[in-house]
Amino acid sequence: MTDKITAVKGMNDIVAPDSAHWEWLEARVRDLFARYGYRNIRTPIVEPLALFVRGLGEVTDIVEKEMYAFEDRLNGEQLALRPEGTAGVVRAVVEHSLLYDGPKRYYYMGPMFRHERPQRGRYRQFHQVGVEALGLAGPEADAELIAMAADLWRELGLQDIALELNSLGQPVERQAHRQALIAYFEQHRDQLDEDARRRLYTNPLRILDTKNPAMQALVEAAPKLLDHLGPASLAHFEAVRRLLDAQGIAYRVNPRLVRGLDYYHHTVFEFVTTSLGAQGTVCAGGRYDGLMAEVGGKPAPGVGWAMGVERILELLKAQQRLPAAPVPDAYAIVPDPQAWPQVMPVLRALRAAGLQVLMHAAGPDGLGSMKSQFKKADASGARYALIFGEAELAAGQVAVKPLREGLSGPVTAQTLLPVAEAAEWAARLRPAGAT
Ligand code: ATP
Ligand code: MG
């Protein structure tokens, strides 16, 4: 035997029954996005490295130390696995001039890659669902897309998700604030940790984001960006707040919320929960009016958010909001291989009529006894067993046996049904209320 090959650290297989939860969540999300007029966009997982270096900023955590970057062995191109979705969407929008006939609203879902220390809620391959509104400059776009996230929590039945909001203003205002911040931190240089010293002149804003408890007091008293905003930025921020208020969406202004990426302008926000331990941010986003030009396009506004699918699923689990695992409608018991030519067309007809039907099939030791087939039928969770015994088939019939107590469908006791008319009686095996 050769050595077992295992998955890359921090990258997970998602297998049934868990994968059913993923599909369920994705379906709920798609349904909501459609109601807001958001359309799907699918961009490559591999992009030119330069897209993220330029788009996200050289001194961000992602670009400095989390990126899976590599050289194409065949042509030497510098590439990267996407660490987030927005840069790729914006690249596609610029490349295909997608705003030529007006603003666009897009959503995406898929894997992202960051070389982080794996822990609960933090993986190296993780999944995001994200939305981007492009070509929309006004506060109503920000407020609409924040509302969409709030609707999602409500529709999923999630509790304990709080919205934190801030404004990063515009580059000139950030510049002024940056000078004030540097001056302030220089005065308190002895209280800065190593990370903060390193960032002092490259990205002092990120010092505000520190998780070091020893620096909290220092950071709390630091100059606030909100105090450096001019009238236009303040007006945008206040309009977003008013529109959230008007929709009954609660939030807390957090002047220290800065977000990890450089491309944000004006509104930034996070949805955070206390139910997941340290990895409590489930969704984050903001306005990125500078990004389009950064990747070589005509300047155009944009705003979006991304949520961490693993964290949402964990929250759904913790709050017992995940649906029960799906079960087949029927499990076909086939005692004799001779019956297959008669059985398989019947099962196809049932499936064509919309039923989920699992056929018993032989393992390495053959089909197994009737008793073991019944055990499998039970374990499958199916609501009915279809028994294709010799005597039944000889009479052109199949025995339908309810496997669960309290079935409310029309077939509540063992019944013989004609195999030739499967399509006609299929509906009788569906759970009551299902369509
Ligand atoms: P954090 O501060 O937790 O590192 P971030 O600011 O790096 O988050 P974003 O880039 O804003 O995260 O990504 C949006 C969302 O994606 C996060 O709020 C989180 O839910 C999820 N996310 C980010 N990184 C990971 C990861 N490594 N594993 C799982 N989910 C993640
Ligand atoms: Mg991070």
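**View 1. Aromatic pairs in the predicted model.** The structure holds 6 aromatic pairs. Rings of Phe, Tyr and Trp (its six-membered ring) pair if their centres lie within 6.5 Å; planes under 30 degrees apart count as stacked, over 60 as edge-to-face and the rest as tilted. Phe269 and Phe271 form an edge-to-face pair, with 6.3 Å centre to centre and 80° between the planes. Phe269 counts as buried at 0% relative accessibility. Phe271, at 2%, counts as buried too. Buried means under 20% relative accessible area, exposed over 50%, partly exposed in between (1.4 Å probe, protein chains only). This is a predicted model: local features need pLDDT of at least 70, side-chain atom pairs count only at pLDDT 80 or more, and totals for chains, interfaces and linings use all residues. Residues are numbered from 1 along each chain as its sequence is written, and side-chain values use heavy atoms, with hydrogens and water left out.

**View 2. An aromatic cluster.** Phe33, Tyr38, Tyr107 and Trp305 form one aromatic cluster.

**View 3. Helix H6 and its buried face.** Helices (H or I, at least four residues) and strands (E, at least two) are DSSP runs, numbered from the N terminus. The buried residues of H6 are Glu173, Arg174, His177, Leu181, Ile182, Tyr184 and Phe185. Seen down the axis of H6, they fall within an arc of 165°, so they line one face of the helix. The arc is that of the directions from the helix axis to the C-beta atoms. On the other side of H6, Val172 and Gln187 are exposed.

**View 4. Domains.** The domain assignment, automatic or from a database, gives domain 1 (18-169 + 229-318) and domain 2 (330-429). Their C-alpha centres lie 48 Å apart.

Notes:
Chains lettered and ligands numbered in written order.
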